[in-house]
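Here are a few notes to go with the model you sent over. Have it open while you read, and look up each residue as it comes along.

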Amino acid sequence: MTAPLNLPCPISPDDGPVVLLGHGGGGLLSQRLLQQVILPALGTTDGVLLDAATLKTEGGELAFSTDGHVVRPLEFPGGDIGSLAVFGTVNDLAMLGATPLALSLGLILEEGLPLSTLSRLLRSAAAAADRCGVSVVTGDTKVVEKGKADGLFMTTAGIGRIPAGVSIGPRAIRSGDVILVSGDLGRHGVAILAAREELGFSTSLASDLAPLHGSVQALLAAGLDLHALRDLTRGGLAAALHELCRDAGLGALVHEAEVPVHGAVASACELLGLDPFTMASEGRFVLMLPEAQAQEALKLLRRWQSGAAIIGRIGGEALLLETSLGVRRPLELGRGELLPRIC
């Protein structure tokens, strides 16, 4: 008999004076932290947050992104923190249509981490970078006392070149645009949770972790007018749609029955009381483009993932989910992070 789960609740009934685990979940608390604390302190006033920043140079536009990775365990079915760190930053650049040029890699090492483990994870990062056609050109290493870093934290930053004429972002979204996802949702989140054996369930499911720049470049090469892209990491599909619709000033209708979710992911979410729409996917993205181009985009995406699907349409003032029973309700944003350290 499986032992009952004993999970601490990281969600405060209100916003208190300290950081909570839920502030890192990509949901409502994360957005509040960003909008009410981080951005005002840094003086960022644009109001639109993209996966990467756009830098204008005499030679054209560049994309610049940074990301931190604190996944536990360090190695999991389908990947590890090394490949996760590289693909995560490459994917952020890809969401602006950029081709990666170079990466940096920062290491925070905990005293006691086996050097053999470190070497293995660095070789994985190097292999991932090679797969993406990019090099790690600079970095930094720090060591902290035992018990302060859970083995290893990695940070990556990347720079990429945006092709001339490409301008992808939520301000390009138009009413009537079709919404697609590049594959089924939530495999990464479930694979990580299963790898934490204390959660009392197992699955043969592997993470969906993968680089996305190849599929985005194929869409651009086909001449498709990509209005917006967002990878489905923390907060999953729900967070991505909330952010894009908010920044576009538009609503959307998503058809629940059309959203691809693997049976094992659905079963795990039901067992743990989780929502697959808020589960992290490290190798999936959501795409918005004109209706006339939706079928061609779907055909191209299915060359990478057979589960790619058209799931809804931009329009109206609210972000709604139409259930399989035909009932429409708000698509809820995850409030906090019930299970942290997944990416």
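Helices here are DSSP runs of H or I with at least four residues, numbered from the N terminus. Keep in mind that this is a predicted model.

1. Start with Val19, which sits in the segment before helix H1 (28-42). Is Val19 buried or exposed? It's exposed: the relative accessible area of Val19 is 64%. Leu33 is 14 residues away from Val19 along the chain, and their C-alpha atoms are 8.7 Å apart.

2. Now go to helix H7, residues 263-272, where Val265, Ala268, Cys269 and Leu272 are buried. These four span an arc of only 100 degrees around the axis, so they end up on the same side of H7. Helix H4 (187-195) is part of what covers them. On the face turned away from that buried side you'll find Glu270 and Leu271, both exposed.

3. How many salt bridges does a search of the whole structure find? It turns up 11. One of them joins Arg284 and Asp184, at 2.9 Å from N to O. Arg284 is in the loop between H7 and strand S11 (285-289), while Asp184 is in the loop between strand S8 (178-181) and H4, so this pair ties together parts that are 100 residues apart in sequence. Arg284 is buried at 2% relative accessibility, and Asp184 is buried at 7%.

4. Then look at Lys56 and Glu61, a salt bridge whose closest N and O atoms are 2.4 Å apart. Lys56 is exposed at 69% relative accessibility, whereas Glu61 is partly exposed at 22%.

5. Finally, find Arg72, Asp150 and Arg341, which are linked in a salt-bridge network.

Note on methods. Residues numbered from 1 in each chain as written. Predicted model: local features only at pLDDT ≥ 70, side-chain atom pairs only at ≥ 80, totals over all residues. Heavy atoms only, no water. Buried < 20%, exposed > 50% of the residue type's maximum accessible area, 1.4 Å probe, protein only. Helix = DSSP H or I, 4+ residues; strand = E, 2+ residues; numbered from the N terminus. Arc of directions from axis to C-beta. Contact = heavy atoms within 4.5 Å. Salt bridge = Lys/Arg side-chain N within 4 Å of Asp/Glu carboxyl O.
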